[in-house]
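Visitor: Please take me through this model one feature at a time, and spell out the cut-offs behind each term as it comes up.

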Amino acid sequence: MTYFSKIFWVSLFTFVLNQIIEANGIFIPYVHSYLDDVLCSPIVLGFGLFVQQQFTYRNLQYALTIPMIILFVAWYALIFEVFLPYSSSSFHADWLDVLAYGFGAFLFWKFGNKPASKFLFSKNRRLVD
């Protein structure tokens, strides 16, 4: 699909594959702990970029700025490493997760924060072929 970058699709495929492997009871220690955290950034930021390019700004050249990407990492760190562990014993803070979010965000910035090749909808809101 031309609306999403290759890093988005590789991350999404790897995430789904990892979930299937874990659902079958196979847990690789560091992969189990940190792979999802690395992959979430290219997936979430890639989807956000798609929404901004296609619907919010309707600008194929639009890209997320570095401060936006840093804010994303800070926001995820605050939610998943501070707020949720504080509010529920089901969650625990692991600051290596923050590094994983940051690494995934760097991968997105380097390989996924690209212009789209075409619009999904025309100006009159009909699907583009």
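Visitor: How much accessible area does the nonpolar patch on the surface have together, and which residues form the patch?
Guide: This is a predicted model, in which local features need pLDDT of at least 70 and side-chain atom pairs count only at pLDDT 80 or more, while totals for chains, interfaces and linings use all residues. Residues are numbered from 1 along each chain as its sequence is written, and side-chain values use heavy atoms, with hydrogens and water left out. A patch takes residues with over 30% relative accessible area and no salt bridge, joining like charges within 9 Å and nonpolar side chains (Val, Leu, Ile, Met, Phe, Trp, Tyr) within 5 Å; a salt bridge is a side-chain nitrogen of Lys or Arg within 4 Å of a carboxyl oxygen of Asp or Glu, and areas follow the Shrake-Rupley method with a 1.4 Å probe, where for residues only the protein chains shown count as cover. On that basis the patch is formed by Phe13, Leu17, Ile21, Ile26, Ile28 and Val31, and their accessible area together is about 520 Å².

Visitor: Which helix supplies the largest share of the nonpolar patch?
Guide: Helices are DSSP runs of H or I with at least four residues, strands are runs of E with at least two, and both are numbered from the N terminus. Leu17 has its place in helix 1, and Ile21 lies in helix 1 too. The largest share of the patch is three residues, and they come from helix 1 (residues 6–23).

Visitor: Is Leu17 buried or exposed, or does Leu17 fall in between?
Guide: Buried means under 20% relative accessible area, exposed means over 50%, and partly exposed lies in between, using a 1.4 Å probe and protein chains only. Ile21, with a relative accessible area of 32%, is partly exposed. Because Leu17 has 40% relative accessibility, Leu17 counts as partly exposed.

Visitor: How many helices and strands does the protein have?
Guide: Read from the N terminus on, the elements run α-α-α-α. The C-alpha atoms fill a box of roughly 50 × 35 × 25 Å along the principal axes. The count is therefore four helices and zero strands.

Visitor: Which residues does Ser41 touch, not counting those up to four places away in sequence?
Guide: Ser41 has its place in helix 2 (residues 29–56) and is buried, with a relative accessible area of 0%. A contact means heavy atoms within 4.5 Å. With residues up to four places away not counted, Ser41 touches Gly46, Phe72, Tyr101, Gly104 and Ala105.

Visitor: What separates the C-alpha atoms of Phe72 and Ser41?
Guide: Phe72 is found in helix 3, and its relative accessible area of 10% makes Phe72 buried. Leaving aside neighbours within four places in sequence, Phe72 is in contact with Ser41, Val44 and Leu45. Although Phe72 and Ser41 are 31 residues apart along the chain, their C-alpha atoms are separated by 8.3 Å.

Visitor: What is the volume of the largest pocket?
Guide: On a 1 Å grid over the protein atoms alone, a pocket is an open set of points where a 1.4 Å probe fits, with protein on both sides within 12 Å along at least five of seven lines, and lining residues have an atom within 4 Å of a point. The lining has 15 residues, with Asp37, Phe80, Glu81, Asp97 and Tyr101 nearest the centre, and helix 2, helix 3 (66–87) and helix 4 (95–112) each supply at least two residues of this lining. With grid points joined across faces, edges and corners, and volume taken as the space filled by probe spheres set on the points, the largest pocket has a volume of about 390 Å³.
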